[in-house]
Amino acid sequence: MTTRAAPTEIAIHAPDAQRMGFFTDTTVCIGCKACEVACKQWNDLPADGSRFGRGSSYDHTGSLNASTWRHVRFVEIAEPTPQAREDAVQRLEAGGGGRVPDIPATGGGSGSGAGDLDLVAIASQRAAPPGAVDVAAAVAAMDEWVFMSDVCKHCTNAGCLDACPTGALIRTEFETVVLQADVCNGCGYCVPACPFGVVARDPDDGRAAKCTLCYDRLQDGLEPACAKSCPTDSIQFGPYDELVDLAARRVGELHARGMPDAYLYGASDDPDQELAGGLGAFFLLTQPPERYGLPAQADSPVQENVLPATTAAYGAALLAAAGAAAAFLGAARRSAGHGPLRFARRRAIRSWQR
Amino acid sequence: MSEHDAHDATPALGTHGGPAGWQRAHPDAPVALQRNRWQDAAWSFLYKDDTRYAPAPADMEAVAQASRRMRAGEPGAVHGPVINAPVWTWEVPLYFWFGGVATGAWFVSVACDLAGDHRSAAIARRVSLVAVAPSPVLLIADLGRPGRFLNMLRIFKPRSPMNLGAWALVGFSGLAAAAVGADLLGRPRAARAIGGSNVVVGSYLGSYTGVLLATTAVPLWARSRLFLGPIFVCTAAATGAAATRLTLVAAGLPHGHPTRTALGTIETGAMAGELILSSLNERRLGRAGLSLEHGTPGRLFRAAKWGVRIGLGLRLLRAPLGPRAHDVASLCYLGAGLAFRYAWVGAGQVSARDDETVARMARGAVTFDDRLTGGPRGRRLASIARAPRGAGRLAARYPELVRRASLRAERLLGMSGTVAGRRGTGAPPTHR
């Protein structure tokens, strides 16, 4: 299961160290942003200013950037999809597959609109035997609001690490990707080389910055600040292989409980199909990745493109050099040959060469 | 003694209240309250028996299938931003242009030598050196921490086009200066030999800028990966030939001289190739190519294309218009090359903000032929600890020496930044 990085990387090696990672389970995230605060406190990062109304969202801390290394994204889907609404209503009207009893407020002829689910009424039905209400269907018909604590993915094939020209970005003995702030000269190449939009350059400071997976804490045997602070264990930290196993179990459990859309983002797939070769910080999601601002598939753009692009570019350059030589030799031969301009050209050549 | 006094106030690290309290009490002292192997992470509400958080071993195939299903097909609503836009400013496209002119002029100088016109070759070498001179300045000015520019040469990293490009710039400038110096010292054969070998470095300098853009997550650049390099090489050859041609004309190269004819051919061929490659690329880019049409980059792109067309037209009509028309065409090419560079870099910034295209590219749905392929995964091996020995050990000290020199240079230049040392992530505090 463990995927390892290419040996040509600049890496720190330690005999006892193993790959450590984050597993972020979005189904238990409550959007409290404690991880953001803990991250800023431990890493001494400045506040970005709390502001409501960024893109008409309740998310008041913006996005991952040079001074926000953990960010709880609010995925606000104001309306359920028409399909989800229709499905839920049909299931309720049809008796919910034999599980939902007659709920007066949900379109059983009581006069309310089919889409107006009354959760109070649903809850009142709890007098009936527990489990009689299909809560999943009721929730599916409501507005959806999901939280996701986003962070650097610590990719196996890390685009930023491949791009970095100074060796400021390195792979640690925990197979995480860390930026050495005293080496970075702010060239900005890692910023577009990250397929997840994580690395950013601080406009005041000039250097790039990103999550270190609390490298300093790990070296001292402490878990990262965000995982430590998470009140619901939405962020879990541990040895990578153990985390993947736990996460897969959690997905199986959610599938069994009627959430077939739960899936792992960045782990569990075939190594060849995996995002960036496997993410050191992976996620349990319930929506398509784009809802969270994540790409559905990604790899290190450098590893993906550098060989074909360099071959095409360098080949074209050599062709251009050869073409220039051919143009000159052709012109020289023509001027030496017969033709109406022959004598004029010869005079011109003589006057230039002296 | 009160309960408060009985509280254990031993600090987590170092000596309580002492100077440099962040230091360990003794080397390898454990952190207070630390549990080995992150045992504190294993405690959880959720791990308790009665919560059914993750009880049974999972069916890995079903888990993998769920992941595949949710990441396949057409993307739904995209809540961006997905990637960060490049932070490069006006210096970078200008550097691309100067680097291109230098490369093109160098190609011309070598071709001149081959054709036997050594006087023109010497002038072309000087044009190239003058063009490459502002490049390091521009490159340094674009850095977030210009005082640390030396860190680019801290390591040799073939995997990173920017690192190789920095080395190529250094190598090219050095060899170009050596060749011009040999010219000035009256050693034409040495100049020719150096000039010939510099083609190897110059070919990279003139083409890696396209690779640099192609190796990013920006859809427009990444999906043009096979075209960007050749397009940039065409621009480089045309602008280099145009700059050399104008200089030679000013130096008195007579009309009808084969060098002048050849330079005209190179300009025309390279710019025509540029137009053709651009059109082909735009046609296959599909959605990702939209960012080449809108806003300032779009206007620059159109202006550049018209510059090329006007130049080609003037060259076709040079017989009735006279030799001056061809000089105007050369100027058109130089301007068009500059506009192309700004258009490509600017359009990449637009493209990075086009969340829909980024999402579609990730699902392999932007171009019809450029499907996402796996990385070179065969090369991945288990990392093993390797301690450098002998000469390798000396070489391993080089990056550290450069790093220290960079920090010192930054301090001397007073460019340590406004908030240096603000982060607690390893930067030593620097004082103005």
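This is a predicted model: local features need pLDDT of at least 70, side-chain atom pairs count only at pLDDT 80 or more; totals for chains, interfaces and linings use all residues.
1. **Overall content, chain A.** Chain A has 11 helices and 10 strands. The chain counts 354 residues, and 59% of them are buried. Take the contacts in chain A with a separation of 6 or more: 66% of these link residues 24 or more positions apart.

2. **Overall content, chain B.** Chain B has 14 helices and 0 strands. Its pattern along the sequence is accordingly a run of α elements, α-α-α-α-α-α-α-α-α-α-α-α-α-α. Of its 432 residues, 51% count as buried. Among contacts in chain B with a separation of 6 or more, 73% come from residues 24 or more positions apart.

3. On the chain A side, the contact uses A:A248, A:V251 and A:H255. On the chain B side, it uses B:M60, B:A62, B:V63 and B:A66. By class, the contact of α9(A) with α1(B) has 6 nonpolar residues, 1 polar and no charged.

4. **An aromatic pair between the chains.** Over all chains, the count is 18 aromatic pairs. One to inspect is A:Y189 with B:W88: the ring centres are 6.1 Å apart and the planes stand at 35°, so the pair is tilted. A:Y189 sits in the loop between β5 (177-179) and α6 (190-193) of chain A. B:W88 sits in the loop between α1 (60-70) and α2 (91-115) of chain B. The pair therefore joins two chains. Both A:Y189 and B:W88 are buried.

5. **Helices α8 and α12 of chain B.** Helix α8(B) covers residues 225-250 and helix α12(B) covers residues 323-352. They pack at an angle of about 145°, with axes 9 Å apart. The crossing is left-handed. From α8(B), the contact residues are B:L228, B:I231, B:F232, B:T235, B:A236, B:T239, B:A242, B:A243, B:R245, B:L246 and B:V249. From α12(B), they include B:H326, B:L331, B:L334, B:G337, B:R341 and B:W344. The contact of α8(B) with α12(B) divides into 13 nonpolar, 5 polar and 4 charged residues.

6. **Helices α9 and α10 of chain B.** Helix α9(B) runs over residues 258-285 and helix α10(B) over residues 295-316. Their axes lie 10 Å apart, at an angle of about 140°. The two helices are therefore oblique to each other. Here too the crossing is described as left-handed. The residues from α9(B) are B:G264, B:T265, B:T268, B:M271, B:L275, B:S278, B:S279 and B:E282. Those from α10(B) are B:F301, B:K305, B:V308, B:R309, B:L312 and B:R315. By class, this contact has 5 nonpolar, 5 polar and 4 charged residues.

7. **Backbone points to check.** Most residues other than glycine have a negative phi. Two residues of chain A are worth a look on this score. A:E175 has a positive phi, near 60°. A:E175 lies in the loop between β4 (169-171) and β5 of chain A. With 9% relative accessibility, A:E175 counts as buried. A:C214 also has a positive phi, near 45°. A:C214 lies in the loop between β7 (208-209) and α7 (215-219) of chain A. Its relative accessible area is 7%, so A:C214 is buried.

8. **A buried glycine.** A:G280 is in the loop between β9 (263-265) and β10 (281-285) of chain A. Is A:G280 buried or exposed? Its relative accessibility is 0%, so A:G280 counts as buried. Leaving out residues up to four places away in sequence, A:G280 touches A:R19, A:M20, A:G21, A:F22, A:K153, A:H154 and A:Y240. A:G280 and A:C152 are 128 residues apart in sequence, yet their C-alpha atoms are 8.8 Å apart.

9. **An aromatic cluster.** A:F23, A:Y240 and A:F282 form one aromatic cluster. A:Y240 is also among the residues touched by A:G280.

Conventions. Residues are numbered from 1 along each chain as its sequence is written. Chains are lettered from A and ligands numbered from 1 in the order in which they are written. Side-chain values use heavy atoms; hydrogens and water are left out. Axes are lines fitted to C-alpha atoms, for helices over the stretch in contact, and angles run from 0 to 180 degrees between N-to-C directions. Helices (H or I, at least four residues) and strands (E, at least two) are DSSP runs, numbered from the N terminus. Angles under 35 degrees count as roughly parallel, over 145 as roughly antiparallel, 65 to 115 as roughly perpendicular and the rest as oblique. A crossing is left-handed if the near helix is turned anticlockwise from the far one by less than a right angle, and right-handed if clockwise. Contact means heavy atoms within 4.5 Å. Ala, Val, Leu, Ile, Met, Phe, Trp, Tyr, Cys and Pro count as nonpolar, Asp, Glu, Lys and Arg as charged, and the others, Gly among them, as polar. Rings of Phe, Tyr and Trp (its six-membered ring) pair if their centres lie within 6.5 Å; planes under 30 degrees apart count as stacked, over 60 as edge-to-face and the rest as tilted. Buried means under 20% relative accessible area, exposed over 50%, partly exposed in between (1.4 Å probe, protein chains only).
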